[in-house]
Each structure stands twice: as structure tokens, then as C-alpha cells.
Amino acid sequence: MEVSTKTVMAIKSYQNQAGVLVKNYLLADPFIPYTSIIGGIILCKMVYDLTQLISSFYIKTYAGLTKIQRIEWNSRGISSIHAIFITALSLHFVFWSDLFSDQPHAGLVTFRSSPLSVFGLGVFHHSLSGIAVAYSMFSGEGQLYTYMILISEITTPEINMRWYLDTAGMKRSSAYLINGIVIFLSWLAARILLFGYMFYHVYLHYDQVIQMHTFGYLLVFVVPSVLAIMNLMWFGKIIKGLIKQLAKMQ
């Protein structure tokens, strides 16, 4: 009983020390960006390995893929999971959370942030959007608009699924057609209409946007504008592809 009591007390002591370490360092406001980045890298590796493991057991065509195709297959698993996570978090902050609501006592909407909103931006995105995400995460500026743009990640799983279907030799299946329709609808909602709403929100809150740092102010206009043009160009291709596929089915 004496040994057991000492063991329990030692375990509780280690638990308390670990809790203090996590609270004061890993989840402390100054360290959250770095913690989220490291955590994101670890999770990406885990998802990559799980995608490889699950696909090896349950996807018959996986064994016949080349090494390059398997790497892309597993990588698309990472991007799909990340897209689902960041889309859910973005929808929460933009439409359901009080963090960016139009409450006058909450301060300027362009300067609001929280530990969770900073943590969510920890996994960087590609090229141009990565610059905006990194700036928003470390400066705390413009996080509402960053999350509005990140809702567009909802189209990523559908695009990855299209590649999976094509690679698995299912390009002529009804699943491939349904996938094309889902891409069209999600692209229209998240990358066309939502961008219009974002620009309208910037217009309504321009008196707050103009108070941002010059670099942040430019990012609010430049990054969404470039992405909006690219989205329109790709949307045209999506429409042409969908029409072509429907014609073939008929």
C-alpha cells in the first residue's frame, strides 16, 4: 500500500508538471503559432501513414500504382483531411462564433483574434495564400477575412476524389459524374459567391480595414483579388468539362 501510494503521488506530480508545461509554454499565446505548426507537421505525417495503411488493405488498385502515384495518393489524403478541418473551423469563426460578430464593444473586427483562431492558422498554405495566412497568424490582423478565404478549401476533397476516381480507372462511372456536379456546386458557393460576400464585407467595414498595417491592408485586397480571378478561370473550365461529360453520358 505504501509503494502504491507513493507511485500514485509520483504520477500525479508528473501530471501536474506536464499540465504546467503545456499551459505555460505549448499553449501560451506567444508560443501558439509555433506549437500549431509543429503539431500540424506531426499530424500530416500521421495522416500520410494512415492513408498508406488503409489504402493498402482496402483499395485494390493501390498495389498497382507507381511509386510517384502512391506518394501523390497519400499526399492527397493529407490535403483532404486538412481541408475538412480548416473548412469546419473557418465556418465556425465566420458564421457561428461571436469572435468576429458586429458587436461594437468587441473592438475593430480587423484586429480580433483568439488562441484557437491563431492555432487554426498554424498549418501554412501554398504560395500566395501562405503569405497571407502567416501574416494574419503572427500579427493577429485580418483573421476574419483569412478564414473567409479558407472556407474555399471545401472544394479540395472533391478535387482529390476526382483524381482518385480517375487513377482507379472510374472515369466513365456515375460516381465520376456526380463528383463533377458536386465540384461545380461547391466551387460556385465557396469560390465565387463567398468571395463576393467577402469583398462586400470589406466595403462595409472599410473604415476598420484602413486602420490595418500597410502590408496587411494590401493583403486584404491583393490576395483575394488574385485568387478570385483564378477561381473564375477555373470555374469556366469546370463548366466546360461538366457540359462535355453530360453530353457524353447522353
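Let me start with N179, which touches E158, M161, R162 and L165 when residues up to four places away in sequence are left out; contact here means heavy atoms within 4.5 Å. This is a predicted model, in which local features need pLDDT of at least 70 and side-chain atom pairs count only at pLDDT 80 or more, while totals for chains, interfaces and linings use all residues. Residues are numbered from 1 along each chain as its sequence is written, and side-chain values use heavy atoms, with hydrogens and water left out.

Back to N179. This residue sits in helix 8, residues 174–204. Helices are DSSP runs of H or I with at least four residues, numbered from the N terminus. Is N179 buried or exposed? Its relative accessibility is 7%, so N179 counts as buried. The cut-offs are under 20% relative accessible area for buried and over 50% for exposed, with partly exposed in between, using a 1.4 Å probe and protein chains only. A polar atom of the N179 side chain lies 3.0 Å from the backbone oxygen of E158, and E158 is also among the residues that N179 touches.

Next, the charged pairs. Side chains of opposite charge can pair when their charged atoms come close. A salt bridge is a side-chain nitrogen of Lys or Arg within 4 Å of a carboxyl oxygen of Asp or Glu. How many salt bridges does that rule give? The count is two.

One joins D49 and K45, with 3.3 Å between the closest N and O atoms. Both residues are in helix 2, residues 32–58, and they are four residues apart, so about one helical turn separates them. D49 is partly exposed at 32% relative accessible area, and K45 is partly exposed at 49%.

The other joins R76 and E72, at 2.9 Å from N to O. These two are in helix 3, residues 67–96, again four residues apart and separated by about one helical turn. R76 counts as buried at 19%, whereas E72 is partly exposed at 30%.

Last, the surface. Which residues make the nonpolar surface patch of about 680 Å²? They are L50, L53, I54, F57, Y58 and I59. Patch residues have over 30% relative accessible area and no salt bridge; nonpolar side chains (Val, Leu, Ile, Met, Phe, Trp, Tyr) are joined within 5 Å, and like charges within 9 Å. The areas come from the Shrake-Rupley method with a 1.4 Å probe; for residues, only the protein chains shown count as cover. F57 lies in helix 2 and is exposed, at 65% relative accessible area.

Note on methods. A polar contact is a pair of N or O atoms within 3.5 Å; within protein, one must be able to donate a hydrogen and the other to accept it, and residues adjacent in sequence count only if both atoms are side-chain atoms.
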